[in-house]
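We will walk through it together, one selection at a time.

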Amino acid sequence: MLEDLTTAVSTPASWPAAYPQGYAVVDVETTGLARDDRIISAAVYRLDARGEVEDHWYTMVNPERDPGPVWIHGLTSEMLQDAPLFRDVADEFAARLDGRVLVAHNAVFDWQMIAREYARAEREAPVRQRLCTIALSKQLGLPLPNHKLETLAAHFGVVQRRAHHALDDARVLAEAFRPSLRAAAAGGVRLPLHECRPLTEWNDRPAARIGQQAGYGGHRPSSWRPSRKRPACPYPNPGRYEPGQRLKQGMRVAFSGDTSVERELLEDRATEAGLHVATSLSRLTSLLVTNDPDSGTSKVVKARQYGTPIVDEAAFGQLLGDVEPATEG
């Protein structure tokens, strides 16, 4: 059971009627960050409508390949050898998620990893909405120097015992989410909920069995969808993005550096929202998305020269939830 570290933010007498009826606070550890990486452990804390804990669950998962960065998550090939395959825990995992909002730190990453595993198993995860605690902390205006889980935890006095262990990370996040939810309810804050679109198919070439993969982060030729040419943006470019304002359809968006969500997925979401995804940066670019604004890449350097606004991946994901329609005529 979680400790009650939320006395500073008491439960409001009047709870917003539009808030969800339940949450599944999730953390997954994986073999890496690429589209063909696998889940090796998963944990879920189920919370009721007001953030009270109902139960929790944890499992290791045999990824059927090398476990990746053991120095981070601590799960070796030997530890995972006799763990169940994902398809063997899919029903139990689904029961924990069903009818609830998936809550995670950088939720789009956890959601995509889960969605891919279900697609591989020819199943569909029963998740319709997700909530990112990074976006929620920004919406609440929490005075955080950065958006790491450990920073959010420290803000609420939550002690982390085993970083990068799925069960402890889920516990820590649940403890930090409870006061965040109460603060949002007390202030009548609209929760940053985003739609989850399950994958319906997966194409994957056979991967090396666990213990036989030579290294971490190497090339493994697999794909969950065919590549395709993007359609031209139908809207005129309305100009630069103004910090603090909404994105507008037709804006030119460029990406630079590594992202926790695959670049193609971010570009797809931008295209679907009516934005123009640019492969290079020019004076016409409305916005640059990068998680490392001090990297010195050519796009970052040009953005500085041109005065192009820069946001990180989490902020961009939040902006995508409310894109202003293009001006008619």
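What follows is a tour of a predicted model, going from the whole chain to its sheets and then to a single glycine.

**Stop 1: the whole chain**

Begin with everything selected. The protein chain holds 10 helices and 10 strands. Of its 329 residues, 52% are buried. Now think about contacts between residues at least 6 apart in sequence: 69% of them join residues at least 24 apart.

**Stop 2: the six-stranded sheet**

Next, look for the open sheet of 6 strands, ordered β3-β2-β1-β4-β5-β6. Its pairing is mixed. Select residues 53-60 for β3 and 193-195 for β6 to see the edge strands, each of which pairs on one side only. Neighbouring strands in this sheet are turned by 25° against each other on average, direction ignored.

Strands in a sheet are held as pairs by backbone hydrogen bonds, and the pairing may be parallel or antiparallel. To see the antiparallel case here, select β1 (residues 22-30) together with β2 (residues 39-48). These two strands are joined by 9 bridges. Pick Tyr23 and you will find its bridge partner, Leu47, in β2.

**Stop 3**

Now select residues 101-104, which form β4. Which way do the residues of β4 point? Val101 and Val103 point one way, while Leu102 and Ala104 point the other way. Show the side chains if you like; all four of these residues are buried.

On one side, β4 pairs with β1 in the parallel sense over 3 bridges, and Val25 has Val103 as its bridge partner. Strand β5 (residues 129-132) also pairs with β4 in the parallel sense, over 3 bridges. Leu102 stands opposite Arg130 in β5. To follow the chain from β4 to β5, trace it through helix α4 (residues 107-120); this β-α-β crossover is right-handed.

Helix α5 lies across β4 and β5, and runs at about 60° to β5.

**Stop 4: the four-stranded sheet**

Move on to another open sheet, with 4 strands in the order β8-β7-β9-β10 and parallel pairing. The edge strands are β8 (276-277) and β10, each pairing on one side only.

Select residues 287-290 to highlight β9. Leu287 and Val289 point one way from this strand, Leu288 and Thr290 point the other way, and all are buried. How many bridges join β7 to β9? There are 4, and the two strands run parallel. Select residues 252-256 to bring up β7, then look for Val253 opposite Leu287 and for Ala254 with its bridge partner Leu288.

Toward β10 (residues 310-311), β9 is joined by 2 bridges, again running parallel. Here Leu288 stands opposite Ile310.

Residues 298-306 make up helix α9, which together with β9 and β10 forms a right-handed β-α-β unit. Helix α9 lies across β7, β9 and β10, at about 140° to β9. Then select residues 263-272: helix α8 lies across β7 and β8, running at about 170° to β7.

**Stop 5: a buried glycine**

For the last stop, select Gly68, which lies in the loop between β3 and α1 (70-73). Is Gly68 buried or exposed? Gly68 counts as buried because its relative accessible area is 8%, and the cut-off for buried is under 20%. Gly68 and Thr31 are 37 residues apart along the chain, yet their C-alpha atoms are separated by 4.4 Å.

Conventions. Residues numbered from 1 in each chain as written. Predicted model: local features only at pLDDT ≥ 70, side-chain atom pairs only at ≥ 80, totals over all residues. Heavy atoms only, no water. Buried < 20%, exposed > 50% of the residue type's maximum accessible area, 1.4 Å probe, protein only. Pairing = 2+ DSSP bridges. Right-handed = clockwise from strand over helix to strand, strands pointing away. Axes fitted to C-alpha atoms, helices over the stretch in contact; angles between N-to-C directions. Contact = heavy atoms within 4.5 Å.
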